[in-house]
Amino acid sequence: CFLDRFIILCLDDASATKCKNDGFTHCLQYVETLGASDFMQNDYWRIVWLFKKVVLAFNYAKLTVLMVDSDVLFLQVPNLDRIVELDPNSEMFHQWESFNYTALFENPSFKEESEPTNVPHKGLNGGQILYLPTKNVRQGILTSLRKGKEWGTNKNRLSQELTMSGMDAAGVKR
């Protein structure tokens, strides 16, 4: 079952208690308490980079990781094997940050499972990423973490830009 493999990272005592009381079995409580944060405020940056560190740990354990934002709703269990079959050479799958919707839906080769690359698009949406356990992906995450440390909390950029830059530098096929 999907929920048996679903891990909820709890960032304070209240969320850990709620997770367990709601019947989830894989509630992972972080060692520090991090506060509720609005976009790019308070503990936002610590939380964002914590997720990358969690992905890195699971990747070293040779586990495939589907990392999604908390506002993502699954209407059915994601079939990760089918996603990988769409491009067996890729090491990472993600949603584009922006693309031309009109061109996408007018494209005769449009399939809902995959976004055609001949539609104008750019960027990486960091809210939905499937990371395969490869050496290149691990190197890409490490590179993005290092760039994030060097960059600090620059309010004019997003962590997904550094994720994309790190993955590109490591040669991750996506």
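1. Start with helix 6. In this predicted model, helix 6 (residues 159–169) lies across strand 4 and strand 7. The helix runs at about 35° to strand 7.

2. Three strands form an open sheet in the order 3-7-4, and the pairing is antiparallel. Strand 3 (65–68) and strand 4 (92–95) stand at the edges. Each has a single partner strand, so one side of each is left without a neighbour in the sheet. On average, neighbouring strands of this sheet are turned by 20° against each other, direction ignored.

3. Now the pairing of strand 4 with strand 7. Strand 7 covers residues 125–131. Its antiparallel pairing with strand 4 runs over four bridges. To find one partner in the viewer, go to Gln95: its bridge partner in strand 7 is Asn125.

4. Helix 6 also packs with another helix. The axes of helix 5 (residues 135–151) and helix 6 come within 7 Å. They cross at roughly 135°. That angle makes helix 5 oblique to helix 6. The crossing is right-handed.

5. Which residues of helix 5 and helix 6 meet? From helix 5 come Val137, Gly140, Ile141, Thr143, Ser144, Lys147, Gly148 and Trp151. From helix 6 come Ser159, Leu162, Thr163, Ser165, Gly166, Met167 and Ala169. The residues of this contact divide into six nonpolar, eight polar and one charged.

6. To sum up helix 6: it lies across strand 4 and strand 7, and its axis crosses that of helix 5 at roughly 135°.

Methods: Residues are numbered from 1 along each chain as its sequence is written. This is a predicted model: local features need pLDDT of at least 70, side-chain atom pairs count only at pLDDT 80 or more; totals for chains, interfaces and linings use all residues. Side-chain values use heavy atoms; hydrogens and water are left out. Two strands pair if DSSP finds at least two bridges between them. Helices (H or I, at least four residues) and strands (E, at least two) are DSSP runs, numbered from the N terminus. Axes are lines fitted to C-alpha atoms, for helices over the stretch in contact, and angles run from 0 to 180 degrees between N-to-C directions. Contact means heavy atoms within 4.5 Å. Angles under 35 degrees count as roughly parallel, over 145 as roughly antiparallel, 65 to 115 as roughly perpendicular and the rest as oblique. A crossing is left-handed if the near helix is turned anticlockwise from the far one by less than a right angle, and right-handed if clockwise. Ala, Val, Leu, Ile, Met, Phe, Trp, Tyr, Cys and Pro count as nonpolar, Asp, Glu, Lys and Arg as charged, and the others, Gly among them, as polar.
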